[in-house]
Amino acid sequence: MTFSIVGRCAETGQLGIAISSSSIAVGARCPWLRPGVGAVVTQNITLPALGPQVLEHMESGLEPTQALERTLIHNGFNPFRQLSAIDHLGRTAHFTGSETLGTHRALAGEQCVGAGNLLASASVIEALVHGFETTCGQLADRLLAALQAALAAGGEAGPVHSAALVVVGELTWPIVDLRIDWAAQDPIGQLALLWAAYRPQMDDYILRALDPAKAPSYGVPGDK
């Protein structure tokens, strides 16, 4: 049904999530990030509210493990939930309930956590984490490489239909927020193409927001 990775860049401090699912619009429900605080994925039988709650606890000073525990104390359906988290220091945590669907696994790696359910095999998550750990480049590149490695290792037990990539840095808004909400085939590949198109424009969009007077041409009719 879903596999995901939350990760941190040790050089820049950026936090990010890449996720894919057989369900529609996974990026609308499952990834939650807060600059300078952390990143959380809530998946399986998803309760979106868990993401912001975990982030609130981390922002108050709790480590990810404590933040997950504090959040889940107040949730009456823990067996159906699967969560993973990383904070701004690179500390990680994950939880997988006993009613998580199909073959499932969660695994912490270096500055990352991979998790999934309804997988082709548990080794998919090993490939996911290994793909992140062994890829160089921007955080978004590493997160996408992890998804692609997991897909190559078998991915989900069924077809994947949606995927998302979100990265936050020092700004109060995401510097990358890309989604394929529905695709009959290969949403991860389509997400990679979308990132390849957005990547050379990313800094321009940031500059336009921070200092419009210095922004490059918009390249649209009527722009001088």
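Predicted model: local features only at pLDDT ≥ 70, side-chain atom pairs only at ≥ 80, totals over all residues.

At what angle do α1 and α2 pack, and how far apart are their axes?

Modeller: Helices α1 and α2 pack at an angle of about 130 degrees, and their axes are 8 Å apart. An angle of that kind makes α1 oblique to α2. The crossing of α1 past α2 is right-handed. On the side of α1, the contact is made by Leu50, Gln53, Val54, His57 and Met58, and on the side of α2 by Pro64, Ala67, Leu68, Arg70 and Thr71. By class, the residues of this contact divide into 6 nonpolar, 3 polar and 1 charged.

Strand β4 is joined to β5 by 7 bridges, and the two run antiparallel. Across that pairing, glutamine 43 stands opposite glutamine 82 in β5. On the other pairing, 5 bridges join β5 (residues 81–87) to β6, again in an antiparallel arrangement. Here alanine 85 stands opposite alanine 93 in β6, and leucine 83 stands opposite phenylalanine 95 in β6. The hairpin of β5 and β6 has 4 residues between the strands, and in it glycine 90 takes a positive phi near 90 degrees.

Strand β5 is mostly covered, with 7 of its 7 residues buried. Arg81, Leu83, Ala85 and Asp87 point one way from the strand, whereas Gln82, Ser84 and Ile86 point the other way, and all of these are buried. The buried set therefore takes in both directions in which the side chains of β5 point, with the burial cut-off being under 20% relative accessible area.

The axes of α3 (residues 123–133) and α4 (residues 139–152) come within 7 Å and cross at roughly 155 degrees. Helices α3 and α4 are therefore roughly antiparallel to each other, the cut-off for that description being over 145 degrees. Helix α3 passes α4 in a right-handed crossing. In this contact, Val124, Ala127, Leu128, Gly131, Phe132 and Glu133 of α3 meet residues of α4 that include Leu139, Arg142, Leu143, Ala146 and Ala150. The residues concerned comprise 11 nonpolar, 1 polar and 2 charged.

Several residues of α3 are buried, namely Val124, Ile125, Ala127, Leu128, Val129, Gly131 and Phe132. Their cover includes α4 together with the strands β1 (2–8), β7 (105–109) and β8 (112–117).

Helix α4 has a further contact, with α5. The axes of α4 and α5 come within 10 Å and cross at roughly 160 degrees. These two helices are therefore roughly antiparallel to each other, and α4 passes α5 in a left-handed crossing. The contact is made by Ala140, Asp141, Leu144, Leu147, Gln148 and Leu151 of α4 and by Ile188, Leu191, Ala192 and Trp195 of α5. By class, it holds 8 nonpolar, 1 polar and 1 charged residues.

Finally, the loop between β10 (176–180) and α5 (187–198) contains alanine 183. Alanine 183 is buried, with a relative accessible area of 5%. Apart from its neighbours within four places in sequence, alanine 183 is in contact with Val160, His161 and Gln190.

Notes:
Residues numbered from 1 in each chain as written. Heavy atoms only, no water. Pairing = 2+ DSSP bridges. Axes fitted to C-alpha atoms, helices over the stretch in contact; angles between N-to-C directions. Parallel < 35°, antiparallel > 145°, perpendicular 65-115°, else oblique. Left-handed = near helix turned anticlockwise from the far one by under 90°. Contact = heavy atoms within 4.5 Å. Nonpolar A, V, L, I, M, F, W, Y, C, P; charged D, E, K, R; others polar. Buried < 20%, exposed > 50% of the residue type's maximum accessible area, 1.4 Å probe, protein only.
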